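Me: I would like to learn how to read a structure feature by feature. Could we take one model and work through it?

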Amino acid sequence: MVTKFKSLDAITSTGALLIVRLDSAEEALAVSEAAIEGGIRALEITLSVPGALDVISKLSGRYGKDGVVVGAGTVLDDHAAHACISAGAGLLVSPNLNPAMIETANRYQAVTVSGAFTPSEIVDTMQAGADIVKLFPAEFVGPEYVRTVTAPLPQAPLMPAGGVTPDNVKAWFDAGVVAVGVGSSVTKAARPDGDYRRVTEAAKTILQAIGEARG
């Protein structure tokens, strides 16, 4: 069984959470497996993926024993939270703050990455008990926003989601984030020709960039 502490470590030790938001269960499963092969240890299957709960169940069954934390994304309330945890999710991610979702996750020792944007939302999210604050949408503000916000809130465990690439990941970590949400640069790498080895290589590339950014 993957404990909450191990789940958090899967995110913070690698510095990456893979956001799998794709058009089919088959593609989501193939991309996830290829990314895990490339070193990804924490990923979320968004509930917008058809058959998302089945994908979560399959992945957690196959990789949970290896220390990979498989989670659910776009979890908006406590009902969805319970369904995802029942399917095997050890991680719940939301674009917004829903205290009941966090409460349910904490009851079952699932990690929460809860969305916020403004300083007030960030503080409210921490106060509600979220483990990591997802800065969303991050592409509209950039690393300087993190640096500005963490000046008065150095305790905020921020994770930007949106627009993170190997080229800019160092700027995010230099600004003080604890991890980054990684999306299409990895998950859509196989789209040109259907070769999922491209996903594996893209995962290795972003993880190498994170390692170098952290020194």
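**Reading a helix, its core and its loops**

Reply: Start with T200, which sits in helix α10. Keep in mind that this is a predicted model.

Me: How do I read the faces of a helix?

Reply: An α-helix has 3.6 residues a turn, so residues three or four places apart point the same way. Now take the case here. The buried residues of α10 are V199, T200, A202, A203, I206, L207, A209, I210 and A213.

Me: Which elements do the buried residues of α10 pack against?

Reply: There are helices and strands on the list. The helices are α1 (4-14), α2 (25-37), α8 (169-175) and α9 (184-187). The strands are β1 (16-20) and β8 (180-182).

Me: Is T200 buried or exposed?

Reply: T200 counts as buried because its relative accessibility is 6%, and the cut-off for buried is under 20%. Its side chain reaches the backbone oxygen of A34 at 2.8 Å. Leaving out residues up to four places away in sequence, T200 touches A34, E37 and G38.

Me: What follows α10?

Reply: G215 does, and its phi is positive, near 75 degrees.

Me: Where is G39, and what does G39 touch?

Reply: G39 lies in the loop between α2 and β2 (42-46). Beyond residues up to four places away in sequence, G39 touches T14 and L207. L207 is one of the buried residues of α10. G39 also shows how sequence and space can be read together. G39 and E201 are 162 residues apart in sequence, with 9.6 Å between their C-alpha atoms.

Me: How should I read a nonpolar core?

Reply: In soluble globular proteins, nonpolar side chains tend to be buried together. Here the largest nonpolar core has 66 residues. Those with the most contacts inside this core are L43, I45, L92, V180 and V186. The largest share of the core, 8 residues, comes from α10.

Me: What is L43 in contact with?

Reply: Setting aside neighbours within four places in sequence, the contacts of L43 include L17, L18, V20, I36, L59 and L91. Also among them are V68, V69, V70 and G71, along with S32. There is also a second, separate core of 12 residues, which includes A42, V69, L91 and I132.

Me: How many aromatic pairs does the structure hold?

Reply: The structure holds 1 aromatic pair. F117 and Y145 form this pair, with 5.7 Å centre to centre and 20 degrees between the planes. The pair is stacked, because planes under 30 degrees apart count as stacked.

Me: Why does the pair tie together separate parts of the chain?

Reply: F117 lies in the loop between β5 (111-116) and α6, and Y145 lies in helix α7 (residues 143-150), so the pair joins parts that are 28 residues apart in sequence. F117 is partly exposed, at 26% relative accessibility.

Me: What about a charge and a ring?

Reply: Look at K134. Its charged end sits over the ring of F136, 4.9 Å from the ring centre.

Me: Are T74 and Q109 buried, exposed or partly exposed?

Reply: T74 is partly exposed, with a relative accessible area of 30%. Q109 also counts as partly exposed, at 44% relative accessibility.

Me: Where is A128, and which residues does A128 touch?

Reply: A128 is in the loop between α6 (119-127) and β6 (132-135). A128 touches L97 and I102, not counting residues up to four places away in sequence. At 27% relative accessibility, A128 is partly exposed. The C-alpha atoms of A128 and L18 are 24 Å apart, and these residues are 110 residues apart along the chain.

Technical notes: Residues are numbered from 1 along each chain as its sequence is written. This is a predicted model: local features need pLDDT of at least 70, side-chain atom pairs count only at pLDDT 80 or more; totals for chains, interfaces and linings use all residues. Side-chain values use heavy atoms; hydrogens and water are left out. Buried means under 20% relative accessible area, exposed over 50%, partly exposed in between (1.4 Å probe, protein chains only). Helices (H or I, at least four residues) and strands (E, at least two) are DSSP runs, numbered from the N terminus. Contact means heavy atoms within 4.5 Å. A polar contact is a pair of N or O atoms within 3.5 Å; within protein, one must be able to donate a hydrogen and the other to accept it, and residues adjacent in sequence count only if both atoms are side-chain atoms. A nonpolar core is a set of buried Ala, Val, Leu, Ile, Met, Phe, Trp, Tyr and Cys residues joined through side-chain atoms within 4.5 Å. Rings of Phe, Tyr and Trp (its six-membered ring) pair if their centres lie within 6.5 Å; planes under 30 degrees apart count as stacked, over 60 as edge-to-face and the rest as tilted. A charge sits over a ring if NZ of Lys or CZ of Arg is within 6 Å of the ring centre and within 35 degrees of the ring normal.
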